[in-house]
Structures are given as C-alpha cells and as structure tokens.
Amino acid sequence: MSRLLAKPWVRDGALGAALLCAVLSLTLWPQDAMEAARSGLALCGNVIIPSLFPFFVLSSLVVELGLAGYLGRLLEGVMRPLFRVNGACASAVALGFIGGYPVGARTALSLYEKGMCTRTEAQRLLAFCNNSGPAFILGVVGAGVFASSRAGVLIYLAHAAASLCVGLLFRFYGRDEEPRHRGGPPCIRTTRFSSAFTGAVTGALRSTLNICAFVVFFLVVVRLLTRSGLLTGLAEVLGSWFAPLGFDRVWAQRLLTGLLEMTSGVCTLSGDGSLTGRLSMAAFLLGWAGVSVHCQVLSFLGGSGLSAGTYLAGKLLHGILAALFTGVLAAHIPLGAPVAALLSSQADDLAALDFHTALTLSTAAAWITFLAFLLLSAAALKKAGHPRRPVV
C-alpha cells in the first residue's frame, strides 16, 4: 500500500477525487456546511479566542523576556532527571498543562527557535506538553457532557498523569545534543519590553486565527461526512468487525468523529452506553486531541525541522494511557459515591461552575503562572548575583 501511494499519479488521483467529492458535498448540502461553519465560528468566538489568545501572549513573553531561562536555572535539577530536558523547558510543561492545546507545543517551538533547548529536547517536549486545559475538561467535559464535576476531576487526573508518564517514557528518546548557543545566562531585557509585547500580541493573534481556521474546517468536514453517510457507513463496518467486543456502530461513530475533531467526538458521549466506557473514550480522545489539533500544531512546526512522527506517537500513547487510567480510577472511585477526602471539596465546588467561570479561572491561572515565572526568575537572578544588562 505504501509503495502504491508513493507513486505520484496515485497521490494526484486520490487528491483529485477527494477535491471532487468535496465540491459535490458542498453543492448537495450547502445548508449543512453553512450551519457547521456558523457553529465553528461561534465556538471560536466564545471559547477558542478568549481561552487561547491570552495564553499565547503570555507564552511569548515568558520566552522573549528571558524568564524561561532564569526559571531553568532553578528547575534544572528537576527537569533533567525526570524528562531529560533542561530547566528552561519547565515553562512549556507548565503552560501546556493550564493553557490547553496547542499552547505547550507553541512554547516548546519558541524555546527551540531561541536556542534555549536542543532539537532532541524540543521533540521530547512535543510528545507530552500539548494537553487539554482544565477549563475544558472540568467545565465542558465534566459538567457539560457527563453532568458530573467528579467525572471532570477524574478525567483531568488521568489526563495529567498520562501526560507525565509519556514525558517519563520519552526521556529515552534520541541522543542528547550540545546547546546550539553558548554564552552567559540569559538576561531580562527590560529595554525591549515594548518590542516583546507588541510582537507577542500580533503573533498570538495570527496563531489564534490559524487555529480557528482549522476548527471551522474540520467541523464542516465532520458534518458533510455524516450527512453523506460515509462516516456512518464506516462506523457500520467497524461495528460489525468488533461487535463481539461490545463495540457497536454507535461507539465506532463516536470514535471516528473524535479522531477527526476532538470536541465533536467528546460531545457525542452524553448518550447511551456504560459510564466507564464513555469516560474512557473521552479520556482517549482528549489525549489523542484529534486531527484538527494535530494540524494546528503541525502548522506551527512548519520548516523547523522537528519530527511530526514523535509528536503523533506521543499523542497516541497519551490517549491510550489516559483511557487506561480513567478505567482504573472509575472502577475504584464510583461517581455516585463520595470521592477521596482530598478531592471531595474541590469536586463539590466545581459542580456549581459553568464553562465561562471555569474559563475565567483558567485565564487567572495563566496570569498567576506568569507572575510566578517572574518571581522565580528574580530569585534566580538574585541567587546568582548576575548583574542586569545596562540600559541603552
């Protein structure tokens, strides 16, 4: 099959057939395409832009102002033994956990482009620092899809634990390299703050609009595939193959939808089926993130030279581990029974939160993280006794 697809005429023919099918679909079902596009634009305006834009700005400032470099001097003894990356990479890990897709991946790429991590370290980061944000899992998946704050807490714990496990496993990936840039420790460039700020804002806007384009596109694709019957037909085939395992057409269609566009797939899990199975599939889809998110990340990588295969392998492993962890947690922590004392109060408080409140808390967490980076960088500077660069 790979040899056949390697032939130019086969690739061109397949691409031409796909484009012809797309044109026919838009011609036959224009109303469905328009409705899907409107839904995508509403999702971008209400969720994507307000949640990702501030994190993109902050991630750029953390790198451009040298805060990641100072943070690295404090956390070198933690990041190197655990993940075999230098301490500056802690900023990508932290922002990847609280910012949502694809803030962590973009921060890792920025560190690599600034010479603050090697190519191997950047690829290790890409494998595990591109995660779903707590606002989405707790607010949309937990309270919205499953109508249970405990479900959101359980999935987020499994999601975070699986991500860390992927990072620990990928510490064995590749050979360590020498840093591309040598010299003294980085310095906070206060005289260049205006340039860093304007560049961060304009770059964040471009990145956010780029992500919105992929979100709208894949929502239209999923709607047209469903309307044409292709997605349903493929789900019927998969359901018949795996029927002895209890994997019927409904489960197959949920999985196929989520593999393409994660949000659409997760939202289908509010229907019938065992609760443990639906939770595990939600955890897998959140770990895998969907082709839509992958296209967003790959658009950032561009000509950076970083391996897309390493990133995709990490996301697949993340999804599998998250599903396993969720199944284990759901078996030992029934959602109808009280959870552990450590989580009970947090779960009860989260039950009353809507998505916008959770989103506000997530944005506040971004600012708190930025201030933490600033304070830790100042502490590292004071500890090292390194003089500030003179103002010019």
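Is Arg80 buried, partly exposed or exposed? I began with this residue and noted that Arg80 counts as partly exposed, since its relative accessible area is 30%. I keep in mind throughout that the model is a predicted one.

Entry on helix H4. I looked up the partner of Arg80 and found a salt bridge to the side chain of Glu76, with an N to O distance of 3.1 Å. Both residues sit in helix H4 (residues 67–83), and because they are four residues apart, about one helical turn separates them. For Glu76 I wrote down a relative accessibility of 30%, which makes this residue partly exposed.

Entry on helices H3 and H10. I next checked Asp32, which forms a salt bridge with Arg227, and recorded 3.4 Å between the closest N and O atoms. Asp32 belongs to helix H3 (residues 30–64) and Arg227 to helix H10 (residues 193–228), so this pair ties together parts that lie 195 residues apart in sequence. Asp32 is partly exposed at 22% relative accessibility, and Arg227 is partly exposed at 43%.

Entry on helices H11 and H12. I turned to Arg249 and Glu236, whose side chains meet in a salt bridge at 3.4 Å, N to O. Glu236 lies in helix H11 (residues 230–241) and Arg249 in helix H12 (residues 249–260), so the pair ties together parts 13 residues apart in sequence. I noted relative accessibility of 30% for Arg249, which counts as partly exposed, while Glu236 is partly exposed at 43%.

Note on methods
Residues are numbered from 1 along each chain as its sequence is written. This is a predicted model: local features need pLDDT of at least 70, side-chain atom pairs count only at pLDDT 80 or more; totals for chains, interfaces and linings use all residues. Side-chain values use heavy atoms; hydrogens and water are left out. A salt bridge is a side-chain nitrogen of Lys or Arg within 4 Å of a carboxyl oxygen of Asp or Glu. Helices (H or I, at least four residues) and strands (E, at least two) are DSSP runs, numbered from the N terminus. Buried means under 20% relative accessible area, exposed over 50%, partly exposed in between (1.4 Å probe, protein chains only).
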